Amino acid sequence: MLIQLVNIQVQDGTRDTFLEAFTINCEGTRKEPGNIRFDLLHDPENNNNFFVYEIFESDAALDEHRKTEHYQTCVRMIDPITIGGRTKTYFSPVLVQGS
């Protein structure tokens, strides 16, 4: 199981573009066979700061995700509007629901 939290901060005035891009990504990713969970979270103290909580079955499933059209479309749309790129933190499950 691969668990990651991705932090993405976007420029002022680009929130709608970001949400459009991530709607495409979320809808596609949730249909992938190797995806377990894919949630977009919002920082309540900063309208331009987002977190993506992702769980994939394996590293291979994440690699396959990165090859999909919905992922690549999202990246093309958000790369010009992000501040500082995307930061990723990986986690190991300890007490996980359903395990």
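**The cavity and the helices around it**

Reply: Helix H3 supplies four residues, the largest share of the lining of the largest cavity. This is a predicted model, in which local features need pLDDT of at least 70, side-chain atom pairs need 80 or more, and totals for linings use all residues. Residues are numbered from 1 along the chain, and side-chain values use heavy atoms, without hydrogens or water.

Me: Which elements give two or more residues to that lining, and which residues lie nearest the centre of the cavity?

Reply: A cavity is a set of points on a 1 Å grid where a 1.4 Å probe fits but cannot get out, and lining residues have an atom within 4 Å of a point. Here 17 residues line the largest cavity, and Phe22, Asn25, Glu54, Tyr71 and Arg86 lie nearest its centre. Two or more lining residues come from each of strands E1 (2–10), E3 (49–56) and E4 (82–91), and from each of helices H1 (15–29), H2 (59–66) and H3 (69–78). These are DSSP runs (helices H or I, at least four residues; strands E, at least two).

Me: How much space lies in the largest cavity?

Reply: The space is about 140 Å³, and the structure holds one cavity of 30 Å³ or more.

Me: How do the axes of H1 and H3 cross?

Reply: The two axes come within 8 Å and cross at roughly 170°. H1 is therefore roughly antiparallel to H3 (an angle over 145 degrees).

Methods. On a 1 Å grid over the protein atoms alone, a cavity is a set of points where a 1.4 Å probe fits but cannot get out, and a pocket is an open set with protein on both sides within 12 Å along at least five of seven lines; lining residues have an atom within 4 Å of a point. Grid points are joined across faces, edges and corners, and a volume is the space filled by probe spheres set on the points. Axes are lines fitted to C-alpha atoms, for helices over the stretch in contact, and angles run from 0 to 180 degrees between N-to-C directions. Angles under 35 degrees count as roughly parallel, over 145 as roughly antiparallel, 65 to 115 as roughly perpendicular and the rest as oblique.
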